[in-house]
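This briefing covers one protein model, taken strand by strand and helix by helix. Please read it alongside the sequence and coordinates shown below.

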Amino acid sequence: MTAAARATAHIVLTGATGTVASLVARQLAASGHRLTLTGRSVPRDPSPHGPGSGRRPDVRHVVCDYDRPASLVEAFRGADAVLVVTNDPTRPQHDRNILRAAVDSSVGHIVKLSAAAVHDPAADDLVTTWQRENEDRIRNSGIPWTMLQPRSFMTHALAWAPGIRAGATTEALHPHSRNACIAPEDIAAVASRVLGDAAHHGRSYRLTGPEALSAHDQTRILADLLGRPLTCRALSRDAARRAYLRRYPPATADALLAGAERQAAGAKSATTETVERLTGRPPTTFAQWAAAHLHHFT
């Protein structure tokens, strides 16, 4: 697609109320693209000024039921590109239904938010298997595709906010194991660059932050920014599973535990230069991300 054609592209974002898709919507809101935001609910306004600043005439909000492909077909109709973001491996029919609707609507390009773990032959947990199957299905669909495969999101540190506010502590299974975590803003910046751009068809992009950090490292950085001491406490496997079960179904909790074991073995520490190559700027450091979100921890 030429630059001129892409300037007026119709781009659909699934999971529009989620972290990455909502950031993509904000980054694209002033780009000249026509946006369709889909999900079980949708944000009032994706503009950089946030909710309440008024609806844009080139942004359409569509509530879709991912269990009903017919509800997606109309939303996808005429789309030059679709960003596919799903987050529940226990409901794989959502991904199948989204792809079916994309094929039926003759979507021009699919950009799939996947995971870097798909490249790890030792990763056979539910979440990684689900993402591999999603990627294979998209590759075989006949629709031009691009895969975005990030490491862990820096926003996972937000789960520590209550403990930091109440007791100056963070918790982690294997707190000294390292992960090349990435700011969701950087994932969104890459997605915004590649959506609808034929130069990225058939490409898979492994996305990481600039350095591999442990929970202990992140806690130290937060302590420096907050100007007070924080303690990172090691969780037992059972305690970590109980913590996961407060947010996820058992199968997903067990997959996350398996991922933590691979991280402890060093499987998630490698970094890439992909963010800088695609966006023209270095990836966000955890210190930069934490400073921009420090209000959550105070």
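Strand S6 is covered on both faces: Trp145, Met147 and Gln149 are buried on one side, and Thr146, Leu148 and Pro150 are buried on the other. The model is predicted. Six of the six residues of S6 (residues 145–150) are buried, so the strand is largely enclosed by the rest of the structure.

**Neighbours of S6**

- Strand S5 (residues 110–113) runs parallel to S6 and is joined to it by four bridges.
- Across this pair, Leu148 in S6 stands opposite Leu113.
- Between S5 and S6 the chain passes through helix H5 (residues 126–139), and this β-α-β crossover is right-handed.
- Strand S9 (residues 203–207) also pairs with S6 in the parallel sense, over five bridges.
- Here Arg203 in S9 stands opposite Thr146.

**The sheet**

- S6 belongs to an open sheet of seven strands with parallel pairing, in the order S3-S2-S1-S4-S5-S6-S9.
- Strand S3 (59–63) and S9 are the edge strands, each pairing on one side only.
- From one strand to the next, the twist averages 15°.
- Strand S1 (residues 10–13) and strand S4 (residues 81–84) run parallel and are joined by three bridges.
- Val12 has Val82 as its bridge partner in S4.
- Helix H2 packs on the sheet, where it touches S1, strand S2 (34–39), S4 and S5.
- The direction of H2 makes about 155° with that of S1.

**Helix packing**

- Two packed helices are described by the angle between their axes and the distance between the axes.
- H2 (residues 19–28) packs against helix H7 (residues 184–194) at an angle of about 55°, and their axes are 8 Å apart.
- H2 is therefore oblique to H7.
- The crossing of these two helices, H2 and H7, is right-handed.
- On the H2 side, the contact is made by Thr19, Val20, Leu23, Val24, Gln27 and Leu28.
- On the H7 side, it is made by Pro184, Glu185, Ile187, Ala188, Ala189, Ala191 and Ser192.
- H5 packs against helix H10 (residues 250–264) at an angle of about 95°, with the axes 7 Å apart.
- H5 is therefore roughly perpendicular to H10, since angles of 65 to 115 degrees count as such.
- In this pair, Leu126, Val127 and Thr128 of H5 meet Ala251, Thr252, Ala255 and Arg262 of H10.

**Burial of H7**

- H7 is mostly covered, with nine of its eleven residues buried.
- The buried residues of H7 are Pro184, Asp186, Ile187, Ala188, Ala189, Val190, Ala191, Ser192 and Val194.
- Gly196 follows H7 and has a positive phi, near 75°.

**Glu276**

- Glu276 lies in helix H11 (residues 274–279).
- Its relative accessibility is 40%, so Glu276 counts as partly exposed, because that class lies between the 20% limit for buried and the 50% limit for exposed.
- Residues up to four places away in sequence aside, Glu276 touches Arg281, Pro282 and Pro283.
- Glu276 and Val190 are 86 residues apart in sequence, while their C-alpha atoms are 9.3 Å apart in space.
- Val190 is itself one of the buried residues of H7.

Technical notes: Residues numbered from 1 in each chain as written. Predicted model: local features only at pLDDT ≥ 70, side-chain atom pairs only at ≥ 80, totals over all residues. Heavy atoms only, no water. Buried < 20%, exposed > 50% of the residue type's maximum accessible area, 1.4 Å probe, protein only. Pairing = 2+ DSSP bridges. Right-handed = clockwise from strand over helix to strand, strands pointing away. Axes fitted to C-alpha atoms, helices over the stretch in contact; angles between N-to-C directions. Parallel < 35°, antiparallel > 145°, perpendicular 65-115°, else oblique. Left-handed = near helix turned anticlockwise from the far one by under 90°. Contact = heavy atoms within 4.5 Å.
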